[in-house]
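Open the model beside the sequence and follow along.

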Amino acid sequence: RRKQGTGAMSVQSPSRRARVIAGLKRVGSSLSLASPHKVVTPLDWPCVIAIQCTSMISILSTTYVFSTAVFMVRAWGATDEAKAAAHAGLMIAAKPAFSAISSYWWGSAGDRLGFRGTLLVSSAVTAWLTAALGLVTSFPAAVAVRALTGLLDGVMTLTRSSMAKISDKTNSAKAFSTFGVTYGLGSTVAPTLSAVLAYPCGGDPNAKDPSGPGLVFPRQCPSRYVREHPFALSSGWVLVAAAFLWAYAYAFLRVDAAGGDAGEEDADVEKGTPGDVEMTMRGERVVGVSARRTDRDGDGETLLPERDDGDGGGSEASGGESVARVRSVRPKVEEEEVKEEEEA
């Protein structure tokens, strides 16, 4: 049914689903005309940081061997320069290669089991296997540990999916830009700190004075075990840092809760079950009326910009951001349906 008044047009359909679809189409056209008044959804920054904490664990695990790999393979018997370079490259590449193999499985696991649990488990296992690499004494064992670490490291896949779940098109650019900050910081700190902690008690065969004191323990080595495993500290510090990062992620990672609520709302809109939608356009003013409610306000809100034309309804859109109020039209629609039945 269509009613035409003075510069006004309202669209309603007998079918609830048709009314919802018509209303959403008008919402889309209204938003496209009102881009200067775009409303940006605020990010859950504690959750964003928690996601990046798990991402940092994976980055530290991947990049810390960049500065020590060639010295590790030399300690395991690769005295030839070409052989040492080849072994170091193979050991470094083993983790990202096997991580690529398992990425699809980790993404499916996140969908089935939830992203919070899979992220926490994967990052914890990655940290422990990273520390274990400093205890191996042969090149084949090192490649096996790195490959297993990559196979069980689904953090990079899960963090991007998690970030997509807690963001939308109004704030996704800001949310995903944090990945660049995390990688830049992690790939700078990890190789530097690992190089400092290698050979903590001295005895580096590549140094000018192999019998000289170590950088970490220049006077006395605290344990024979540390001298026998010169790369234990350069790998073990990742586990210590990961413990703090993991604890923060455990406290503030709320990915599944955010994703679940959003999914339910989208499903309700598609089905049209929450209520009816009525769209009315008056000149330059666009008013959206819906029965949907949000957690933010008891009457609900919609992202429709409005201009106040002097009748007291709508917010001023002369500058900044505007949010149009939403109210339920269920009683109104039911009343009109009763009148239609009586007329019939």
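Helix H2 has 19 residues and spans 26 Å from its first C-alpha to its last. That is close to the 27 Å expected at 1.5 Å a residue, where the expected span is 1.5 Å times one less than the number of residues. Helices here are DSSP runs of H or I with at least four residues, strands are E runs of at least two, and both are numbered from the N terminus. Of the 19 residues of H2, 16 are buried, so the helix is largely enclosed by the rest of the structure. Buried means under 20% relative accessible area, exposed means over 50%, and partly exposed lies in between, with a 1.4 Å probe and protein chains only.

A word on the source: this is a predicted model, in which local features need pLDDT of at least 70, side-chain atom pairs count only at pLDDT 80 or more, and totals for chains, interfaces and linings use all residues. Residues are numbered from 1 along each chain as its sequence is written, and side-chain values use heavy atoms, leaving out hydrogens and water.

Now the whole chain. It contains 12 helices and 6 strands. Of its 344 residues, 41% are buried. Take the contacts (heavy atoms within 4.5 Å) between residues at least 6 apart in sequence: 72% of them join residues at least 24 apart.

Which residues touch the most other members of the largest nonpolar core? They are Trp76 and Leu133, in a core of 47 residues. Such a core is a set of buried Ala, Val, Leu, Ile, Met, Phe, Trp, Tyr and Cys residues joined through side-chain atoms within 4.5 Å. Helices H2 (45-63), H3 (69-75), H4 (81-113), H5 (115-133), H6 (139-151), H7 (155-165), H8 and H10 each supply at least two residues of this core. H2 gives the most, with 8. Leaving out residues up to four places away in sequence, Leu133 touches Tyr64, Val65, Met72, Ala142, Val145, Arg146 and Ser235.

Beyond its neighbours within four places in sequence, Ser234 contacts Tyr64, Ser194, Leu197 and Ala198. Ser234 sits in helix H10 (residues 232-252). Its relative accessibility is 0%, so Ser234 counts as buried. A polar atom of the Ser234 side chain lies 3.0 Å from the backbone oxygen of Phe231.

Next, the cysteines. How many disulfides does the structure hold? It holds 1, a disulfide being a pair of cysteine sulfur atoms within 2.5 Å. The bridge joins Cys201 to Cys221, with an S to S distance of 2.1 Å. Both cysteines lie in the loop between helix H8 (172-197) and helix H9 (224-228), so the pair ties together parts that are 20 residues apart in sequence. The torsion about the S-S bond of Cys201 and Cys221 is about 70°, so the disulfide is right-handed. Cys201 and Cys221 are both buried. Cys47 is buried too, at 0% relative accessibility. Cys53 is buried at 9%.

Finish at Asp168, in the loop between H7 and H8. Asp168 is partly exposed, with a relative accessible area of 29%.

Notes
A polar contact is a pair of N or O atoms within 3.5 Å; within protein, one must be able to donate a hydrogen and the other to accept it, and residues adjacent in sequence count only if both atoms are side-chain atoms.
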